[in-house]
Amino acid sequence: MASVPGISGLPMLYQDLVPLSSQEHANWKLRPMESLAFIGQVHAVPLTVDEFPIAQRFFPIVFSVGSDPVPLALMGLNEGVNVFVNEDGTYRDNTYLPAFIRRYPFLLARLREDSDEMSLCFDPTPGMIGDFEDGLSLFENGEPAQPVKDMLGFCEQFEIAAQRTSAFMKDLVETGLLEDGELNIQHQSSPNPFLYRGFGMVNEEKLRDLRGDQLRKMSQNGMLTLLYAHLFSLGLVSEIFGRQMEQGKVPPAPVAAGA
C-alpha cells in the first residue's frame, strides 16, 4: 500500500494519503463512521461558503488568521474543546456536520505535480477502510461500487465549493473589512470578562458604511449575504461558552490587570 508521493502539509485530520486502486483494493470494504471521537478535541473546522446558510444556525463562523485565511466553524472556544461531540463519540443531535468532516477519510489529490488531474485517495490510519469481512464493498467486478461513486461525487462538489470559497476570501481580503477579532464574554462566575482572540472577523461598522458600486457589487454577487451570515452567527458564541461551562471545559477565570 503506497502513500501519495510528494504530498506535504496534509489537511487537518489527515495523517497519510493512499490512492484508491481497483487493483490493490479490489476486495476492500468501507466501514461506516460510527464514532466522531477523532474530532473530540478539534475546536475549529474549515467551512465552504456553500455551508454558511445552514452552518450559521449552529456554529459561530469566523476566519483563520494569516496570509491565506479560510472560514471556520467554531465547535469550541478553546483549543482541544468540542462541545458537539459527546464523551461516547456520538454527535450532538439535530446538529449540522460540516462537509470537511463528512468527506473524511477520503480526499481528492493530485498525484503528479505536472498534472491537474485529481484522484480519489483515502487516509488509512483511522481503520475505516481495509480488507474486512464486513462493510460496504468499494469495487464490484473491477469497477467502483456505489459508495465510491457517491464519495467521489461528494469530493468533487467539495472541491468546487472550495474554489468558490477561495474566490470569496480573496474578495473579502481586498475589501479591507476583515480584521483581527476579539470577543468578550461576561459570566457570573467571574467579575472580569473572558477574552477570546486569535481569529478574524468582519468589521461590522465598516460594512455598514459601504456605499455605491462596492456595496452594489457585493449585494449582486451574494457576498453581502455571506458576510451577514457570519455576523449573525457570532451570537452563538455565548451558547458555545455556556456548553463549555456545563462541561467544565472553561479556563480559569481571568484576573484583572494589576490584581
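Two strands count as paired if DSSP finds at least two bridges between them. That rule applies here to a predicted model.

**Strand 7 and its partners**

Strand 1 (residues 18-19) pairs with strand 7 in the antiparallel sense, over 2 bridges. In that pairing, P19 has C121 of strand 7 as its bridge partner. How much of strand 7 is buried? Of its 5 residues (118-122), 4 are buried, which leaves the strand mostly covered.

**Backbone features**

A cis peptide bond links Y104 and P105, with omega about 10°. P105 sits in the loop between helix 2 (99-102) and strand 6.

L13 belongs to the segment before strand 1. N94 lies in the loop between strand 5 (71-74) and helix 2. Buried means under 20% relative accessible area and exposed means over 50%, so L13 counts as buried and N94 as exposed.

**Confidence**

The chain averages a pLDDT of 90, and 94% of the residues score at least 70. Residues 1-7 stay under 50, and the model gives them 24 contacts beyond four places in sequence. Residues 255-259 are also below 50, with 2 contacts beyond near neighbours in sequence. Where pLDDT is low, predicted coordinates should not be read in detail.

Conventions
Residues numbered from 1 in each chain as written. Predicted model: local features only at pLDDT ≥ 70, side-chain atom pairs only at ≥ 80, totals over all residues. Heavy atoms only, no water. Buried < 20%, exposed > 50% of the residue type's maximum accessible area, 1.4 Å probe, protein only. pLDDT = per-residue confidence, 0-100. Contact = heavy atoms within 4.5 Å.
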